[in-house]
Amino acid sequence: MSPDEVVRTIIAPVGATHQAQRANLLQYLCQIQHQLNCIPAAAINQLAGALHISAAEVRGVIEFYAFLHEQPRGQYDILFSDNITDQMLGSRKLLAQLCKRLDTEPGIPREDLRVTIDTTSCTGICEQGPALLVNGLVVSRLDNSRIEQIADLIESEVDATEWPQAFFLVEDNIHRRDQLLSKQTADLTPDGSALRALLQHDATTLLETIEASGLQGRGGAGFSAGKKWRRSKQTEADCRYVVCNADEGEPGTFKDRVLLNSYADSMFEGMTLCAGIIHAQHGYLYLRGEYRYLLESLQQVLQRRRDNKLLGRNILGKQGFDFDIDIHLGAGAYICGEESSLIESLEGKRGIPRKRPPFPATDGYLHKPTVINNVETFMAAAKIAVLGADWFRSSGTADSPGTKLLSISGDCKRPGTYEYPFGVTIRQILDDCGAENTQAVQIAGAAGTTLPITETDHCIAFEDIATAGSFMVFNNDRDLFQIVQNFTHFFAHESCGLCTPCRVGGELLKDLVDKLVNGHATRHDIGEIETIGALMQTASHCGLGSTAPNPILDLLKHFPQLVEKKLAHSNYEPAFDLDAALQESRDITGRDDAGAHIESLP
Amino acid sequence: MSDKNTFLLDGVAIAFNAGDTVMDAALRAGAYIPHLCHNPEFTPHGSCRVCIVDVNGRRRSACTQPAATGLNVDNSSDDIVAERRSLLQMLFVEGNHVCPGCEKSGACQLQAVAYHAGMLSPRFTHFFPQRAVDASHPDTAIDFNRCILCELCVRASNEIDNKQVFTISGRGIGSHLVINSPSGKLGDSNFAATDKAAHVCPVGAILPKHRGYDQPIGERLYDKQPVSIVGDVAAHENDAQGDDHDR
């Protein structure tokens, strides 16, 4: 098919309203990118014409999302996951190895447009990494021999879908099951049971049950799910929406990957339950682009549910209980995990966080009342509808009822998904996953908390340390500076660019952390890091900016002796690095010996 | 006015109407809260964060904070002014702001607000981005070096001119203003010097052509009185046009 035809097929179902078509812009772009490995100028103009928007607006959307490109990426678009856990497993060396084998450079398409090799933010395969994405498919457990095989497959032009199936194996790795994932719970709550409970009782009773359970949002913020549902239900509107946030982008989190893979029915059931309670007719699953490989199986689950009368018109035969779910893909933007950015993205726009209030519960998707919850929250709600509030409250603490799924990765013997009642101590978790010689734990991802091993009496709970699930373990051999550097770069890369403190402050912080890591930072620079960090925390527009300085500020707070050793012993050091300035010359001459450097750094 | 409809701004009671933000009420009362991306004619944006204030112990942007009774707003403590100054310093190092040679110097809101906040140096490491100048339009030049991404031109073009000439592209530190035309040049767009978007830029990014440096230093907008008294550049655009030479 010619590019022109591809675009025409994609935007063909013209029956849709303009508003709906405009909201589909990102989905059209994802499809074009997937089929043509870029979005050509002609396609941009075609889309702009069809949707009655400017070509500049279409470009603005393309340039916002890391997975969309105007320039061709080539037959194979390869993205190495660049999370710290991937790096700890050797991802950067493997990337260099593949670049060398294929005679290309990171980030630059090879001249014959065969391949582009690049990095991307955490792909959520942390416990079976290092991982990469090839044309949207996940390759896990990379090692030297797998890289060699990949190089051969690319040189001999074997389509990625034809690569050995073992490459694409992604396991669930569930090592601890509790309330939510136990076999007993599954047996007691077969498919459709929550919806039958809804029809047996009524919406008001079920909403009261959800409220009584004390279920809090599992995405980390912990807002009461029942309150959110009630607020949406009470807002006057001609239609409402239910949205599941499966944009699991926090580095080190992968529990939604497991739920989407093996428990999608429960999640969809929770969404349908919510729809029945608040009277929503339509729902969306916002699936992060990194999990595109799950799209087909999720579509199959949806179809099966339609066939079984659990979705669609007159659900379970109940007149007027109509609800269906579409899946929308993200395209490489961490910020879209923030609920108001996610809504902007669902509407096909750049994922810029909205001003709040108003909150989505009253003014969300297309300015209609919208319930947005995490995958795990919807799943828990479905179980609560059948088994009751008391059952749910029998686990966890008084302030944090229920259980939490944790994604454990890094330096431990048994990385994977663990379900714990809230209130479990960090020490217990470390023991269970086989962590030894631990230096620090990063909880709740890059945006979370760095906890030294001396403080592991803390527990996982909304009243102590809240987390969406990320739990990364670092042993005594790890360089904490490298970890902080990884996180700080991540935030600078993922900043949406709207507000000054995050856009500029994040970039300044990145440069100062680099200076510190390279041994050139002075006491003055540490003061600047603290000032900029504090300003980002209080003055940023959204949570991304306000949590971005956490890693470096935690390092300064918990590990002052390490920082002291890293400082340059002068009061002033220039911001530019003389030796780094010679890199271009080294690249041109192909030299990297001691004589090609100004100084040898420790 | 009743006690019900007031909040405290630096200890002074400010009256507000339903739906007001702290900024709306302050502007109406003639109380100055420094700002750059705000212009009462357009939807509040909350992006530059220069209007940062403390509201009952939390930092908020005054332009997006709904006014309410019981609010105690701190707009001028040393801490708030220091934070505001840091934000301004960030804007100065992000672009290329060469005040001594800039046509807008003395009539630039960024410069005036920086003086108001006591900023004496850019402090942070300059980014020195490479940005091109667009002189393709017969009446208006765009110097992207000075753009602070306030999106006032974007909003003016969308909300008043109904032309959608400007938009933002890129992400993070790579965010940048773009022009909607086949070549990406202003001269190729349907922009006109009479557009609202031509008269809202708080810095020297969107400049009229054919009248360089016609107002002497010492007689410019902020040369005699500070921004807290003079107000926004955009509010004086009509005076400037009135003074304009025949073209």
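Visitor: Which residues have the most contacts inside the largest nonpolar core?
Guide: This is a predicted model. Its largest nonpolar core has 244 residues, and those with the most contacts inside it are Leu29(A), Val243(A), Met267(A), Cys274(A), Ala381(A) and Ala385(A).
Visitor: And which helix gives the most to this core?
Guide: Helix α17 of chain A, residues 375-387, with ten residues.
Visitor: What is Ala381(A) in contact with, leaving aside neighbours within four places in sequence?
Guide: Its partners are Ile210(A), Leu215(A), Ala225(A), Gly270(A), Leu273(A) and Cys274(A).
Visitor: Turning to the sheet, what is the strand order in chain A?
Guide: The order is β5-β11-β10-β14-β12-β13, an open sheet of six strands with mixed pairing. Strands β5 (174-176) and β13 (449-452) of chain A each have a single partner strand, so one side of each has no neighbour in the sheet. From one strand to the next, the twist averages 30°.
Visitor: Which helix packs on it?
Guide: Helix α13 of chain A, residues 255-262, touches β5, β10 and β11 of that chain, and its direction makes about 115° with that of β10(A).
Visitor: How many bridges join β12 to β13 in chain A?
Guide: Four, and the two strands run antiparallel. Ile443(A) stands opposite Thr449(A) in β13(A).
Visitor: Now chain B: is Ser77(B) buried or exposed?
Guide: Ser77(B) counts as exposed, because it has 12 C-beta neighbours inside 10 Å and the cut-off for exposed is 12 or fewer. Ser77(B) lies in the loop between β5 (72-74) and α2 (78-94) of chain B.
Visitor: How far apart are Ser77(B) and Asp54(B) in space?
Guide: They are 9.2 Å apart, C-alpha to C-alpha, and 23 residues apart in sequence.

Methods: Residues are numbered from 1 along each chain as its sequence is written. Chains are lettered from A and ligands numbered from 1 in the order in which they are written. This is a predicted model: local features need pLDDT of at least 70, side-chain atom pairs count only at pLDDT 80 or more; totals for chains, interfaces and linings use all residues. Two strands pair if DSSP finds at least two bridges between them. Axes are lines fitted to C-alpha atoms, for helices over the stretch in contact, and angles run from 0 to 180 degrees between N-to-C directions. Two residues are in contact if their C-beta atoms, placed from the backbone, lie within 7 Å. A nonpolar core is a set of buried Ala, Val, Leu, Ile, Met, Phe, Trp, Tyr and Cys residues joined through C-beta atoms within 7 Å. A residue is buried if 20 or more other C-beta atoms lie within 10 Å of its own, exposed if 12 or fewer, and partly exposed in between; C-beta atoms are placed from the backbone.
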